[in-house]
Amino acid sequence: MNKWYKKTAVGVLTLASAGLLMACSSGSNESGDSASSDSVSFWYMGDGNEQIQPILDDFTEETGITVDIQSIPWASAHDKLLTAVASGDGPDVVQMGTTWMAEFVDAGALQDISSYIETEDTLNSENFFEGSVATTKFDDTYYAVPWYTETRALYYRTDLLEEVGYSQAPKDWEELTDAAMKLSERGDNMYGFQVDSNDQSAAFMFARQNGSELFNEDKKPVFNEAPFVETVDYLNTFIQNGSSPKQDLGLDISQTFGGEGIVPMFISGPWMINSINDSTTDIEGKWATAVLPSGSENNLSNTGGANLAVFNGTENEENAVALIEFLSRPENQLAFFESSNSLPSATIAWEDEALSDPIIAVFGEQLENSESMPLIPEFERIAASYLEDWEEIYLGGADSQEKMDEFNAETENLLQ
């Protein structure tokens, strides 16, 4: 593994250095008992297993392999995984958030499954969105299979946009700025577009649209160069001119997006579809989704979601891969979509009529132009550091170039 991936969070690095990963179980359950040859243990991230259990039952019926599933809330999943790395008491199969992959690959927690990717038709990387595959592969080695994916698109109120002269969603940054300003002029406490100042990835996504590489070919950060600094200024303009709320309004989606449409445009993932449908009763047929407006270079969005990986050291490898293969089949990804609204990572699944709804289909279109955040162990800390500097800009009035110079230096220190 090259220098770019060898750096990691202190906690995981300490565990790896101590050699604790050599003991990773697996094939063991929570109590440490060895799993039988006709079973497989699976750590599933979520509050309960209702959405996935019927599919696991089908797996057992087909293979005779029972699944010992443990549901782990996302809020505690990262710490749970770190504990498993340290204790060696992990599962056979683990659901991994895409942004965690670099950290746990670097720590040696996930098994190389390249041979299965190359020989199992279902697992072939060509079956999945390129952006999703990128989150599974490090140094030409595959450590996971894409399970479900997500990306960001623009949500907007069609009726309110039409009132300010837009019969369709803004196509570029200039139109987004113009539409947001016109919408904010509807009256007091009205806005046009939500700049989510707590979103760790938003600025990096917009910066890519403006031509920023984020890191150059030497893996050095370029956050203080013009494409990134211009992006920070662009986002800050919405807040300073009043077309975006400066801080969280403390309102739910039915109040901000429904009704009068206090905030009629925002960027988010597919999970918001159900939230809008469940929380608003007065805007049916008055809202839509669209691919992101283009910056000076492109309209790249962020690829997220979750992968399926084999925990390193498992003694139950064949059953583990069998479960991953089953869950990766397009028909089973579609079944999981029906129960959870989690988008399939298998491209052929998008030919199914279940994904033909225009509001959902937009996310499939955006996935063709979407990339993951930088796949390095330090990125979450880098993103958190950015938010601190960003707050000083949009709330404190600090100079964006000076703060990005500081942020770039902070990032270089984190990468050393």
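Asn341 is buried (under 20% relative accessible area, with exposed meaning over 50% and partly exposed in between, for a 1.4 Å probe and protein chains only), its relative accessible area being 15%. The model is predicted, so that local features require pLDDT of at least 70 and side-chain atom pairs count only at pLDDT 80 or more, while totals for chains, interfaces and linings use all residues. Residues are numbered from 1 along each chain as its sequence is written, and side-chain values use heavy atoms, with hydrogens and water left out.

Asn341 is located in the loop between α15 (330-340) and β11 (343-344); helices (H or I, at least four residues) and strands (E, at least two) are DSSP runs numbered from the N terminus. Its phi is near 65°, a positive value in a residue other than glycine. A positive phi, near 60°, is also found at Asn189, again a residue other than glycine. Asn189 belongs to the loop between α9 (173-184) and α10 (202-209). Whereas Asn341 is buried, Asn189 is exposed, with a relative accessible area of 60%.

Apart from neighbours within four places in sequence, Leu327 is in contact (heavy atoms within 4.5 Å) with Phe42, Ile52, Ile55, Leu56, Trp147, Leu308, Asn332 and Gln333.

Two packed helices are described by the angle between their axes and the distance between the axes. Axes are lines fitted to C-alpha atoms, for helices over the stretch in contact, and angles run from 0 to 180 degrees between N-to-C directions. Angles under 35 degrees count as roughly parallel, over 145 as roughly antiparallel, 65 to 115 as roughly perpendicular and the rest as oblique.

The axes of α14 and α15 come within 5 Å and cross at roughly 70°; the two helices are therefore roughly perpendicular to each other. Phe326, Leu327 and Ser328 of α14 form this contact with Pro330, Asn332 and Gln333 of α15. By class (Ala, Val, Leu, Ile, Met, Phe, Trp, Tyr, Cys and Pro as nonpolar, Asp, Glu, Lys and Arg as charged, and the others, Gly among them, as polar), the contact has three nonpolar, three polar and no charged residues.

For helix α3 (residues 53-63) and α14, the axes come within 11 Å and cross at roughly 125°, which makes α3 oblique to α14. The α3 residues Ile55, Leu56, Asp58, Phe59 and Glu62 meet Asn319, Ala322, Leu323, Phe326 and Leu327 of α14. This contact divides into seven nonpolar, one polar and two charged residues.

Helix α17 (residues 379-394) and helix α18 (residues 400-415) have axes that come within 10 Å and cross at roughly 160°; α17 and α18 are therefore roughly antiparallel to each other. Residues of α17 in the contact include Arg381, Tyr386 and Asp389, and those of α18 include Lys403, Phe407 and Glu410. The contact of α17 with α18 has seven nonpolar, three polar and six charged residues.
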